[in-house]
Amino acid sequence: MIGNTKKWIGMAGAISVLAGQFLVSPAIFAEGGNAVAEGKKISFDRKKGNCLACHNIIGAPSPGNIAPALVAMKSRFPKKEDLRMQIWDATIKNPESAMPPFGKHGILSEADFEKVVEYIWTL
Amino acid sequence: MKQLFRQLTAMVISCCFITAAQATTPEEDLKAFQNFYKKRFPNVETTDYINGAYSIDPVGRENWEAIEEFPPYEPFIDEGQAIWEKPFANGKTFKDCFPDGPALGGKYPRWEKEKSMVMTLPLALNNCLEANGEKPMKYKKGPINDILSYIAFESRGQITNVEIPTDDPGALAAYESGKKFYYTRRGQLNFACAHCHLQNAGMILRTEILSPALGHTTHFPVYRSKWGTVGTLHRRFTGCNKQVRAKPFKAHGEEYRNLEYFLTYMSNGLPLNGPGARK
Amino acid sequence: MHKKSVLFSSLLVWILGSGLATTSMADEASAEKVKQLIEAADEARKQAASVNGEWRDTGKMIKKAKELLKKGDFVAAAKLANKAAKQGHLGYEQAMSQKDLKMPSYLHYE
């Protein structure tokens with residue numbers, strides 16, 4: 001795993017060298033409130049977070065009921081990092097979890113992933 | 001010497017674990033599988049699972065029963081009968097390959113010892129065509145659905161009874177590989193078949209009720225409103241794999257054949273009721 | 001107002017121009033580098049496929065990366081190739097981690 005991570009860092013380096021020519025610097029961390037609003041949009045998007053396929057979010061249209069409703073997140077995950085890990089790869093905590101590993105498998109881009117964490121943390 | 005001893009111990013231990021992992025027989029698997037649904041849906045008769053999600057969804061069932069009054073798959077059955085009866089260029093017909101036809105549904109999938117592989121009905125049909133100098137049919141769309149509709153219709157009421165012959169270890173190995181496929185996570189979304197159709201059967205995914213795996217194989221081919229036509233079981237396998245963002249396998253290639261072998265075995269005892277109609 | 005926009009557009013021309021200049025100088029080197037990234041991605045994809053662990057879009061990404069490379073869009077091509085390589089590695093890892101079948105705990109054997 002560590003070896004892999006190193007490889008990714010190396011590859012990311014290669015990209016940024018190339019990207020540097022074009023002065024592209026992706027803004028990964030949007031400002032607080034903005035990130036929450038954008039995170040909500042991503043969470044509701046069927047092609048991205050698609051949280052509602054399985055989770056209920058109060059006030060959201062036609063949610064699924066496969067997984068627990070997304071409420072009282074701060075009491076369920078006192079540490080934001082724990083929530084982050086849950087969305088990153090839920091099988092770490094529960095090997096039989098049916099939840100897709102949104103972070104680990106790159107289902108969401110890194111920037112989108114962080115925004116989703118910000119939004120879900122507010123629920 | 002000490003090392004050799006350690007290696008030997010390790011080998012013995014891993015040996016034991018492997019046997020332990022494969023200790024369940026197909027019969028035990030079948031019982032655990034069907035009991036799972038009995039426990040989850042105690043009011044559903046086992047034979048009613050042939051109706052898929054409608055066995056556990058009373059609202060959807062009403063709509064579906066209305067659709068079944070004018071079955072959308074009917075023209076396919078007629079077309080299929082014409083194909084079944086039409087002589088090949090050499091004058092022979094499907095009947096020459098399948099003397100017991102057209103009601104062949106209950107005979108497949110089956111283990112063919114001579115070929116050492118699982119034989120599926122569509123593959124057998126294509127083998128017949130090729131043996132008679134005809135072009136094989138495509139496996140997912142087109143005329144194959146006509147002839148499969150006709151055969152399914154003629155086979156209605158036969159009982160699923162897949163056998164895993166014990167005189168050939170290849171048969172059990174094929175079953176085990178299908179079972180492994182069924183419980184293996186794949187694709188970017190990391191789902192196994194079992195996550196949706198066993199673990200979460202009956203739950204709602206957005207607006208859709210996840211159908212139970214028990215009975216999945218009884219009603220193919222299926223007219224799907226989403227497809228606007230009749231499609232095969234392996235077309236559905238392909239669709240499921242794509243949905244979890246895994247690269248689908250070849251229709252009637254080894255992986256899907258073994259999967260069909262396992263999945264159909266899990267429905268042993270259920271009557272055939274194809275072709276079906278689904279949303 | 002007018003002055004500002006002239007200044008702005010000349011700045012833009014300068015940025016684009018210098019970008020192009022560096023690109024053409026580094027063209028061959030970049031193309032070779034991206035080609036290697038694409039090859040590595042395809043290796044990773046094949047490795048995943050060898051254990052039935054290939055993902056749906058990996059092959060498409062590699063194809064697209066090749067097209068982008070042909071067009072000279074090295075940045076986009078490299079980015080996509082790396083994404084595809086990551087998918088290949090993850091797909092392989094996913095399959096290998098399940099080498100031995102574990103039956104789900106909710107299935108009860110008597």
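Helices (H or I, at least four residues) and strands (E, at least two) are DSSP runs, numbered from the N terminus. The model is predicted: local features need pLDDT of at least 70, side-chain atom pairs count only at pLDDT 80 or more, and totals for chains, interfaces and linings use all residues. Residues are numbered from 1 along each chain as its sequence is written, while chains are lettered from A and ligands numbered from 1 in the order in which they are written.

After H10(B) comes B:Arg245, with a positive phi near 65°.

Chain B is assigned domain 1 (25-70 + 161-278) and domain 2 (74-154); such bounds come from an automatic or database domain assignment. Taken over C-alpha atoms, the centres of domain 1 and domain 2 of chain B are 22 Å apart. Their contact takes 27 residues from domain 1 of chain B and 22 residues from domain 2 of chain B. Two residues are in contact if their C-beta atoms, placed from the backbone, lie within 7 Å. On the domain 1 side, the elements giving two or more residues are helix H8 (169-182), strand S6 (229-231), helix H10 (233-243) and helix H11 (254-266) of chain B. H11(B) gives the most to this side, with five residues. By class, the domain 1 side has eleven nonpolar, eleven polar and five charged residues. Here Ala, Val, Leu, Ile, Met, Phe, Trp, Tyr, Cys and Pro count as nonpolar, Asp, Glu, Lys and Arg as charged, and the others, Gly among them, as polar.

H8(B) and H11(B) also pack against each other. Their axes are 7 Å apart, at an angle of about 90°. H8(B) is therefore roughly perpendicular to H11(B) (65 to 115 degrees; under 35 is roughly parallel, over 145 roughly antiparallel and the rest oblique). Axes are lines fitted to C-alpha atoms, for helices over the stretch in contact, and angles run from 0 to 180 degrees between N-to-C directions. Residues in this contact include B:Tyr175, B:Phe181 and B:Tyr182 of H8(B), and B:Leu259, B:Phe262 and B:Tyr265 of H11(B). The contact of H8(B) with H11(B) has nine nonpolar, three polar and two charged residues.

An unreviewed UniProt entry places a "binding site" at B:Cys193, B:Cys196, B:His197 and B:Cys240. UniProt positions follow the numbering used here, feature names are shortened, and annotations may be inferred rather than shown by experiment. These residues spread over 48 residues of sequence but cluster in space, with a largest C-alpha distance of 11.0 Å. B:Cys193 is found in helix H9 (residues 193-199) of chain B. B:Cys193 is buried, with 22 other C-beta atoms within 10 Å. Not counting residues up to four places away in sequence, B:Cys193 touches B:Tyr182 and B:Cys240. B:Cys196 also lies in helix H9 of chain B and counts as buried, with 20 C-beta neighbours inside 10 Å.

Chain B also meets chain C. In that contact, 16 residues of chain C face 22 residues of chain B.

Definitions and conventions. Buried ≥ 20, exposed ≤ 12 C-beta atoms within 10 Å, placed from the backbone.
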